[in-house]
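Have the model open beside you as you read.

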Amino acid sequence: MRTIYTKTISSLVLLFIFSTSFAQNVVTGVITDNQKNPLEAVNIVIKGTTYNTTSDSSGKFSIDTQQKLPFSLLIQYVGYNTKEIKIGLLSDTPLEITLSTEDENVLSEVVVSSRRRIEKAQEIPIAVSVVTGKQAEQAGAFNVNRIKELVPSVQLYSSNPRNTGINIRGLGSPFGLTNDGIDPGVGFYVDGVYYARPAATTLDFIDVERIEVLRGPQGTLFGKNTTSGAFNITSRKPSFTSGADFEVSYGNYAYLQAKASVTGALSKKIAGRLSFSGTQRDGIIDNVATGRPTNTLNNQGIRGQLLYTPSENTNITLAGDITTQHNDGYAQVVAGVAPTQRAAYRQFNAIIADLNYQLPSLNAFDRKIDHDTPWRSNQDLGGASLTIDTKIGEGTLTSTTAWRFWTWDPSNDRDFTGLQVLAKSQNPSRQTQFTQEVRYAGQITSKISGVAGVFFIDQTSKTKGTEESGDAQWRFSQDSQSALWKTPGLFEGYGIHTNAKIHSTSAAVFGQLDWAITERLHILPGLRYNYDNKEADYDRKTYGGLETSDLALIALKKKVYTDQAFTAEKDDTDFSGNLTVSYKVSDKINTYGTYAKSYKPVGVNVAGLPSLAGQPILELAVIKPEDVNHYEFGVKTTPIKNAILNLTYFNTDIKDFQTNVQAAELGVNRGYLANADEVRVKGVELDASFIVNKHFAFSGAATYTDGKYVKFTNAPLPLEETGAAVSFKDVSGTDLPGVSKWAGSLSGEYTKDAKFFANAGKFFIALDGYARSEFFSSPSASKYLIVPGYAIFNGRLGFRATEGLSVHIWGRNLLDKDYYEQLLPAGGNSGQYAGVLGDQRTYGITIKYNL
């Protein structure tokens, strides 16, 4: 390892020396606003690269291009529309550039870095949705769960942070409970650093510049293989010009959110940025047993960055962050009871009648629970990264080195009742990862550009869990009329201690070219070679309960929990790639077609296995990798001035689809992984934006998604079929879980020039809507676990200014719609199932001040 680092550092030093030896081709200019006032700290980027500079206090800039003519400059500044300047000849005369404000209601040409260079989103042959940091802040979208309301192709399901799945177009993570033994199919990147744990998506964003949501396989552009898409999040960078933002929000349920960011020069070549975010809220579900509300919010995060610019050609960024989430939260409410095929005495209602128990409410939206085991959802996530960008020839070499950690400290009530069925259910975990990515992106010849890189990740996840029975366990586990089940103390304190560990490494070489056959016709081939290795070690031991030598009583205890241990190891290699053809019909119409062959690496089970004759079914310890074939056709248009209309058709076929099975056995913690023979997801997406005039602007997105099990003959039984004579079911031809046929969002805004406390700005009123149709909430379709379709509406009213004071009032779920985000069966499948409830109506006020 030391030799590898020595070679890498030596190479970077040589490349740095090499980069400074080029002759300079300098473009100079001055940037002003409409009133000819100089604009300081404007970002000037050479289009198609990541090389940039900023303007000084007089609005002046100079940039060493080293590009073959012609090339373009992209001029970016917060609060102003992005401008493109085409350079056909080099001149000693400085450019004079005037920027117009976004408040003039001109449709801003959004730029992205999805292809590892700065480009206009409308010009790249990728289905991508972009949410700027400002848009996210104004919509109250402070995490991914809120972003899904703006990008309807995104689905996020979370019964707690660990059990979080993020999907794009219905694919990415198995629906249901999380298993550490597989890789997510949706990549999550922050400033080029890959976050391996889906739990990161439940945390608050910190000082975000933009969020790019790429749809479809992206394995030839990003370090970690992504079969369904990627979130590419860019933070606001340190600036040599001093600035600060402060924001505070107050709302009902004692909601309080504070954000702050400070940036400025620390020396001539070093700039810093420090950002903070904190969110608190009281509980929104009443626990009648404790007298306290639960499902609180308590999140804090801090991020620091140092930017060092040793030369005009090199930027070095050191970043560190830590985020904590210590909630009394994620309690689920019993949503209903399904009759199973078990004997009458084994039905949930019969069980609780024998125990003289009643649910606190038969209506989930009364939001009442009586859980006797406390809910705790504590997680900490953080790390550090070092990114080096240096200009080499007509491109940029980037090295990103990062270390990250995630810790999880939970407590759950998996029976969802006030009965002591499960007295404890907690599986604390710690995950650490090291990643290294080196890539080069830029112009190779006059007609060929591209990106090429190598990527490595090493990660370890350890879980030390406890699950323990209470005094009601005997009645829920009872499977015969034997009086032995009533033996006093037989199951009280009887449980399992689990030690599970998974270690995985992955290495890849990837690249994609962009060959401009003509100015309008481009061919983009991409290729990826991947190596993956996973090692799993699982060991659980029973403890407690009644100490007895009676073989009959011991047999009853083993029906609840047994000892189990197994190890598994698997490595695999794979070639994958894609081919895209892009044709620009006119300046207003850009079309493309893509075929991609992708894959998701082999998986291992690290949460217990189903047993047969008392022994674990070891062939289920390792599951096959997914084989993905994907087709996509898209058209991006600007039909009229200040309007965008994009349409995409996609079809994805996956063989050996990695799915999650919730077992009836309590000892199979959080379910286990299995392969479905084949699934297919196809659909159409529509994205549109239209600025009517200086007052009115509208945007919307809609998606139709048809997800099916083409072949799945050994699927788990639906909840209502628990207890049937068979253990599996053929669900071929049925819908995939978590996939709504229809989903969409629509927003509109009215603005008008105004002044507030002598600050010039805009008065605005905005309304957002998000809707989705019904979907199944279990791996095998159950008529009881169908989440009904719903629509929610959010609104904002207030004043905003580019600088100075802004204030607005806001409301979420204005119509106070009752809706489920997820339904899930209780451990043991006794018939009761619980719901993850969407938030009721919330409202508040936000005050922001920019310096």
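## Domains

The centres of domain 1 and domain 2, taken over C-alpha atoms, are separated by 40 Å. Domain 1 covers 21-102 and domain 2 covers 235-850 of the protein chain, with bounds that come from an automatic or database domain assignment.

Residues are numbered from 1 along each chain as its sequence is written. This is a predicted model, in which local features need pLDDT of at least 70, side-chain atom pairs count only at pLDDT 80 or more, and totals for chains, interfaces and linings use all residues, while side-chain values use heavy atoms, leaving out hydrogens and water.

Now to the strands (DSSP runs of E, at least two residues, numbered from the N terminus). Two of them count as paired if DSSP finds at least two bridges between them.

Strand 20 (residues 285-287) pairs with strand 25 in the parallel sense, over two bridges. Here N287 stands opposite I369 of strand 25.

## A hairpin and its next partner

Strand 31 (residues 495-516) and strand 32 (residues 521-543) run antiparallel and are joined by 20 bridges. They form a hairpin, with four residues between them. Look for H497, whose bridge partner in strand 32 is K541.

Strand 32 also pairs with strand 33 (residues 564-586), in the antiparallel sense over 20 bridges. In this pairing, P525 stands opposite L579 of strand 33.
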